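Please read it alongside the sequence and the structure.

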Amino acid sequence: MSQQDGSRQINTFSLWQQTSLITSTLIGVGVLTLPRTTTSRLYEAGWMAPLIGVVWVFFSVWMIASLSKRFPGKTFIEYSPIIWGSKKRPQQGRWLSLPWVLAFLLFMYFSTAIVSRIFGEVVVTSVLLDTPLEVIIITMFLLAQMLCMHEVEVVARINELLFPLILFPVLFIALASFQNAEWNNVLPLYRASGKALFEGMYESVYSYAGYEIMLIFFAFAHENNSKARAGFYGITIAMFVYTLIVLAGTAVFGYEELQRVSWPTLELVKTTKVPGLILERLESAFLAVWVAAVFTTVANAYYAFVYGIRQLFNKGILFQRIISALMFIPLFFIALWPQNIVDIFRISSYMGMVSLALNLGVPMLYWLVLWARGMGQGAKERKSGG
Amino acid sequence: MAKNLFRIAILVTCFALLTGCWDRRELEERTSVLAVAIDVVEGREDLYKMTVQIPIAIKIAGSSGQGGGGNSNAVKIMSVTGRTVTDAANNLQLRLNQKLFLGHTRVLAISEEVARRGIQDIMDGYRREPQIRRLMWPIIVKGEAASLLKIKPQLAQIPVVFLMDLIENGSKMGTIPDQTLGDYFVQTSNKSMEPFLNYVQASQTEVRWEGIAVFRGHKMVGAINDIQSWSLLQLRNKQRGGDVIIPLPGTKNGYVTFRPHFVKTRLDLKGQHGLASYEQHGHSATYYCELQGDIVEVTENLKMKPEEFIKKMQALIKKEMEARSSKLFTQLQKDYSSDILRLGLALRGHHYRDYWKKHDWRKDFKNFPVKAVYTIKIRRLGMEMQ
């Protein structure tokens, strides 16, 4: 489909790059509220939510990876018409795939807005009290725009570079805060009902959203069969970090106090004192690093969106640059749409629901269609052709 | 060319916006408050009196030619009234040339009278204020809280620094609980325990740690003295507490001093001491506390063999410690009915189904059988062998 850069097929993403792409997209603003949202239903057992919630994520990312494996070198935008239409009627395929492609693109678009808004909200309420929210959002957008100016291999390299910068501070915070942990806060191990377990799992869903960018980025994998592995590694790392953060939050604060603080992980940073008083106030340093974590989430999602549009219209890099700059304008207003913090959290909870439906539903639907059309096994012959 | 121009434009915009110093304020443009004291206003039930201590940088030793001469002038003390704490802070701002900054506040002194009325509405303001650090120390002052800020300790230039060192040193030695604002927040939101705060008395030139102010909900209900507080520290925090000084039996004016070094505490919730109470409750708490330490002072020669002496002293100290702890339990249960031992937390954690669900802990704590069994291990006799 992509004639403009078809001659220059980019297959440069290594396994490690794909892994860091997934993990750094997942780890974002969700971590700041995760201890509160998971313990709201599961009480002491909140740390189980990311562990259980990860099951469907694995399943979903495996489906996405195998779809991409079935059509190597093609993104979701490119292989959708092939799945929905035959060679004789390419137009039909295009029209039938349009709703799914649009739903995916819109979801990426809106989650970019919500993530940048939540990030702005954190910064404004806790560190830069006099800075307007708009400035923080625009700054984040400008950074993302910088990324959108480049081709896709830059995205991989940026993520690879920022990955340790995101991972280690979070791990450090979680481990350092265990020194004022009160382990009785995590007991009894389980007391909520099975329904609560499901609801708690659902609360952790939004923090896992983001790996659907791989519908686009898996197309650039260096080897065709490293995709599922990359998804597995990336999500396992994120799961580990999430569980640790929730466990630390619950052990330090207890679930009742967690319900009362708006940014539990930030409060965790505030109460953590590094021995020796070298760094007494960690929260500013933590938020400075946090910019990187949020940037990878916002920019990756937005890049996936912009790249998707570029492929949808079958255009080149110039089109991508222009469209990314233009699309920021409505995005800015969408980001400012929720009126208050309660609204934002409600919307982000809805987004979690949508992501659940989208990430699980769309790949499953695609596979069903593939099987129904008897194309499920065609990977081998396609590979030689593509 | 146009491409380069565009790049430069973006770069310039980024440099302008990414400096991150929107609300930059130099240190000398802020009025840093080191300590806040909250009192009642005589005759006005609805008003709080807030007193703040502001260090004057230029008068602190080493900063200018004057040297550390007049330590009485190194701080400025101001008092304002207001309906709430924030109202008082706003009234204070009207009298200041620079912006009030609470980020360095280390001590929050509350008068006993205010604490006995309840400090919920004071704490709410501090919960919401992002500048307030959770590691700050709230302290209950016997009498007027402002007197704590007005002391002239002579050992430190700034009175609050003296107080901070007092607490910090005490908590390092294990004699004063390191009870921070964050701990207070956690303890008030947790349904299974009650909060406590340090209790001090201030005179003209000095301040003395008096023990612990016991709360029930947000209301102070009483205080326990230093000796009982040490027992609490041993049982609750596994900290060593202060020296144990006991009159030697059978002598006229002889004393023995035992200095604990290591504390090991284990809580048994199923033990059946006092069978009647066990049958009534089904559960009981027994603290098994092991103290290791030295004899540091014996003022009368007992004329006995060291082996015999150690045995006798161990029995003596054990008896004393158990008497102290049972006095502590009586005070907490019968007088104040406030579980600052965190017994409820352990019960909820370990006996959720068989105890916690069936009882109302706030009512039940009063009659819950609690006891402490001490094991004393004397390791050394100081530098002397007798």
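Accessible areas here come from the Shrake-Rupley method with a 1.4 Å probe, and for residues only the protein chains shown count as cover. The model is predicted. The accessible surface of chain A comes to about 15,000 Å², and carbon and sulfur atoms hold 68% of that area.

**Chain A overall**

- Chain A contains 17 helices and zero strands.
- The radius of gyration of chain A is 21 Å, close to the 21 Å that the globule rule gives for 386 residues, so chain A is as compact as a globular protein of that length.
- The C-alpha trace of chain A spans about 65 × 45 × 35 Å along its principal axes.
- Of the 386 residues in chain A, 61% are buried.
- Among contacts in chain A with a separation of 6 or more, 85% are between residues 24 or more positions apart.

**Nonpolar cores**

- In soluble globular proteins, nonpolar side chains tend to be buried together.
- The largest nonpolar core has 130 residues, and those with the most contacts inside it are A:Phe76, A:Ile83, A:Tyr211, A:Phe217 and A:Trp290.
- Helix α14 (residues 283-312) of chain A supplies the largest share of this core, 17 residues.
- Another core, of 44 residues, lies apart from it and includes B:Leu248, B:Ile295, B:Ala346 and B:Ala372.
- Not counting residues up to four places away in sequence, A:Phe76 touches A:Trp100, A:Val101, A:Phe104, A:Leu215, A:Val362 and A:Tyr366.

**Helix α11 of chain B**

- Seven of the eight residues of helix α11 (residues 343-350) of chain B are buried, so this helix is largely enclosed by the rest of the structure.
- The buried residues of α11(B) are B:Leu343, B:Gly344, B:Leu345, B:Ala346, B:Leu347, B:Arg348 and B:Gly349.
- These buried residues pack against elements of both chains: α12 (255-258) of chain A, and β12 (255-268), β13 (285-298), α12 (361-364) and β14 (370-380) of chain B.

- Most residues other than glycine have a negative phi.
- B:Ser337, in the loop between α10 (306-336) and α11 of chain B, has a positive phi, near 50 degrees.
- B:Ser337 is buried, with a relative accessible area of 9%.
- B:Arg342 also lies in the loop between α10 and α11 of chain B, and its phi is positive too, near 65 degrees.

- A:Leu187 sits in the loop between α7 (152-177) and α8 (194-203) of chain A.
- With 23% relative accessibility, A:Leu187 counts as partly exposed, because the cut-off for buried is under 20%.
- Leaving aside neighbours within four places in sequence, A:Leu187 is in contact with A:Glu44 and with B:Arg348, B:Gly349 and B:His350.
- A:Leu187 and A:Tyr43 are 144 residues apart in sequence, while their C-alpha atoms are 9.5 Å apart in space.

**B:Thr31**

- B:Thr31 belongs to strand β1 (residues 30-32) of chain B.
- At 9% relative accessibility, B:Thr31 counts as buried.
- Not counting residues up to four places away in sequence, B:Thr31 touches B:Ile54, B:Leu96, B:Gln98, B:Lys99, B:Leu100 and B:Phe101.

Methods. Residues numbered from 1 in each chain as written. Chains lettered and ligands numbered in written order. Predicted model: local features only at pLDDT ≥ 70, side-chain atom pairs only at ≥ 80, totals over all residues. Heavy atoms only, no water. Helix = DSSP H or I, 4+ residues; strand = E, 2+ residues; numbered from the N terminus. Rg over C-alpha atoms; globule rule 2.2 N^0.38 Å. Buried < 20%, exposed > 50% of the residue type's maximum accessible area, 1.4 Å probe, protein only. Contact = heavy atoms within 4.5 Å. Core = buried A, V, L, I, M, F, W, Y, C linked by side-chain atoms within 4.5 Å.
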